[in-house]
Amino acid sequence: MFEYLITRPMGFIIEFIYGLVANYGLAIIIFTVVIKMILMPLNVRSQRAMKKQQKVQPIIAELQKKYANDQEKLQREMMKIYKENNISMSGGCLPMLIQMPILIGLYQVIQRPISYLIGVDWSLDSVVNEVYRLRDAMVSLGYNLSSYAEATVDVIRKSGQIQLSKWAEVVGANGSLLDGVTGGTHPWVINFNFLGLDLSNAPSAAFSRIMALDFSNWSIIALLAIPILAIVAQLISMKVSQAQSGQKNDSNSQANQMSKTMLWMMPVMTGFFTITLPSGIGLYWIISAVVQIIQQLVINYYLDKKGEDVVVTIPEKTQKHGKKRKK
């Protein structure tokens with residue numbers, strides 16, 4: 001289900017973009033911007049919800065003081081405020097929740113670029129034969145293919161497509177078993193180079209080089225800049241989001257305690273994923289955070305201009321003693 005709802009549609013989009021620009025990194029950047037534009041109406045709704053939550057906070061604070069000893073009554077009164085103003089407490093978290101399946105889908109696309117960027121049909125006999133030809137050619141040339149030296153086509157399809165693309169670059173198209181291919185650049189070769197960096201590699205590859213004091217290949221060492229930039233961009237995005245929502249430094253506030261936790265949890269999670277996964281994921285994370293910051297500033301400006309859209313109302317209180325008695 002996830003394959004058909006998320007991964008394949010994303011694959012179609014990025015395949016179309018890659019067909020236009022023929023560069024892996026540039027395709028990811030354009031893809032990220034397109035996805036953020038598609039999700040922009042949701043971000044507008046989310047930021048409007050956060051602004052409404054901000055405006056009702058003084059009312060909620062009064063209710064918390066008034067009903068400090070009656071939690072059931074407090075919850076009822078708070079729900080009245082939220083219902084009257086059509087405020088969803090989960091509305092501000094929705095864009096973040098949606099980003100996770102997008103990341104998972106993008107990881108599949110990046111891990112299997114021959115399937116999604118080139119659109120290879122793995123059920124074809126010519127494709128199966130070509131995989132074996134490239135693998136055997138690499139072995140005969142003396143390359144150490146590690147676990148892929150005797151791997152089946154299915155294993156290579158699932159987890160070795162990046163390596164397969166690089167085999168195609170080394171071996172070339174001469175002698176290819178694919179229909180219509182007679183020579184020149186192999187159709188499975190993908191341009192992973194972006195600003196001198198190989199985005200198919202994970203930044204963690206730099207650690208073994210550093211530990212061995214091997215600085216001969218700076219393009220691998222430089223991959224560490226991607227998780228660093230991703231963490232910085234994520235921190236700035238979180239800070240901007242908190243500033244736009246008007247959160248104050250109230251250590252006793254449950255919402256602010258959660259925000260502080262998220263402020264540190266998200267960069268840690270960002271660092272882990274962008275260090276251990278192919279650098280294309282990190283590039284997506286950086287561009288996504290930058291576009292998010294710009295969107296937050298623009299949407300906030302728009303909502304401030306249309307202040308009437310985020311005006312809150314207080315539910316009318318029913319009169320306690322009914323009609324006044326006649327004298």
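Salt bridges come to 6 in this structure, a salt bridge being a side-chain nitrogen of Lys or Arg within 4 Å of a carboxyl oxygen of Asp or Glu. The structure is a predicted model, so to speak of local features takes a pLDDT of at least 70, side-chain atom pairs count only at pLDDT 80 or more, and totals for chains, interfaces and linings use all residues. Residues are numbered from 1 along each chain as its sequence is written, and side-chain values use heavy atoms, with hydrogens and water left out.

As for accessibility, buried means under 20% relative accessible area, exposed over 50% and partly exposed in between, using a 1.4 Å probe and protein chains only. On that scale D154 is partly exposed at 37%, as are R157 at 25% and K158 at 42%.

Another salt bridge joins R76 to E72, with 3.4 Å between the closest N and O atoms. Both belong to helix α4 (residues 71-84), and because they are 4 residues apart, about one helical turn separates them. Here R76 is partly exposed at 43%, whereas E72 is exposed at 58%.

Turning to the rings, a search of the whole structure gives 5 aromatic pairs. Rings of Phe, Tyr and Trp (its six-membered ring) pair if their centres lie within 6.5 Å; planes under 30 degrees apart are stacked, over 60 edge-to-face, and the rest tilted. Y148 is buried at 14%, and so is W167 at 5%.

F273 and W285, by contrast, are stacked, with 6.1 Å centre to centre and 25 degrees between the planes. F273 lies in helix α13 (residues 254-276) and W285 in helix α14 (residues 279-305), so the pair ties together parts 12 residues apart in sequence. W285 is buried at 2%, but F273 is partly exposed at 27%. Ring pairs also bring in F272, giving a cluster of F272, F273 and W285.

Technical notes. Helix = DSSP H or I, 4+ residues; strand = E, 2+ residues; numbered from the N terminus.
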